[in-house]
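Hi everyone, thanks for coming. Please have a look at the chain on the screen, and I'll walk you through it.

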Amino acid sequence: MASGNAIRGSRVGAGPMGEAERGEAAARQFVSFWCAHGHETRPSFAAEAVIPDAWDCPRCGLPASQDETNPPPAPRNEPYKTHLAYVKERRTDSDGEAILDEALASLRRRRGEP
Ligand SMILES: [Zn+2]
């Protein structure tokens, strides 16, 4: 069957081989963040990635910071579950790269727009 080429362009880097190559080639660094509830999360970043000042806690959705003694204050209302928390419930750890990329993009947008 010659159907393989037709599918190829539709999923960029989604193949199992692509994931393995990316994971092994990219150096990782783990950074701890703490939210106001004391939850610790340790996402991994590419070595060249810019570490964000804040991170959404995957357990309660509150913002978390790298300073355990001074977590960011909890927002007054949390009308909906964060996208990150929602995605993490549905996905397995093998999709962590995609989740982190998405979260990073979200954080950059939030910081860029006052
Ligand atoms: Zn939390």
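What spacing do the donors of the zinc ion follow along the chain? They follow C-x3-H-x17-C-x2-C. Before I go on, a word on the source: this is a predicted model, where local features need pLDDT of at least 70 and side-chain atom pairs count only at pLDDT 80 or more, while totals for chains, interfaces and linings use all residues. Residues are numbered from 1 along each chain as its sequence is written, and side-chain values use heavy atoms, with hydrogens and water left out.

Back to the zinc ion. Its donors are Cys35 (SG), His39 (ND1), Cys57 (SG) and Cys60 (SG), at 2.1 to 2.3 Å. Donors here are N, O and S atoms within 2.8 Å of the metal (3.2 Å for Na, K and Ca), and water is not among the atoms, so sites may look incomplete. Why is the arrangement tetrahedral? Because the 4 donor atoms subtend angles of 104 to 114° around the zinc ion; four donors count as tetrahedral if all angles lie between 85 and 135 degrees.

Two of these cysteines have their own accessibility values. Cys57 is buried, with a relative accessible area of 1%, whereas Cys60, at 25%, counts as partly exposed. Buried means under 20%, exposed over 50%, and partly exposed in between, with a 1.4 Å probe and protein chains only.

Now the overall layout. The chain has 4 helices and 6 strands, in the pattern α-α-β-β-β-β-β-β-α-α. Both are DSSP runs numbered from the N terminus: helices are H or I with at least four residues, strands E with at least two. An open sheet of 4 strands has the order 3-2-6-5, paired antiparallel. Its edge strands are strand 3 (40-41) and strand 5 (54-56). Trp34, for instance, has Glu40 in strand 3 as its bridge partner.

Finally, the core. A nonpolar core is a set of buried Ala, Val, Leu, Ile, Met, Phe, Trp, Tyr and Cys residues joined through side-chain atoms within 4.5 Å. The largest one has 16 residues, of which Phe33, Cys35, Phe45, Trp55 and Leu84 touch the most other members. Helix 4 (96-112) is among the elements that each supply at least two residues, and its share, 5 residues, is the largest.

Terms used: Four donors count as tetrahedral if all angles lie between 85 and 135 degrees; four count as square planar and six as octahedral if opposite donors are over 155 degrees apart and all others between 65 and 115; anything else is irregular. Two strands pair if DSSP finds at least two bridges between them.
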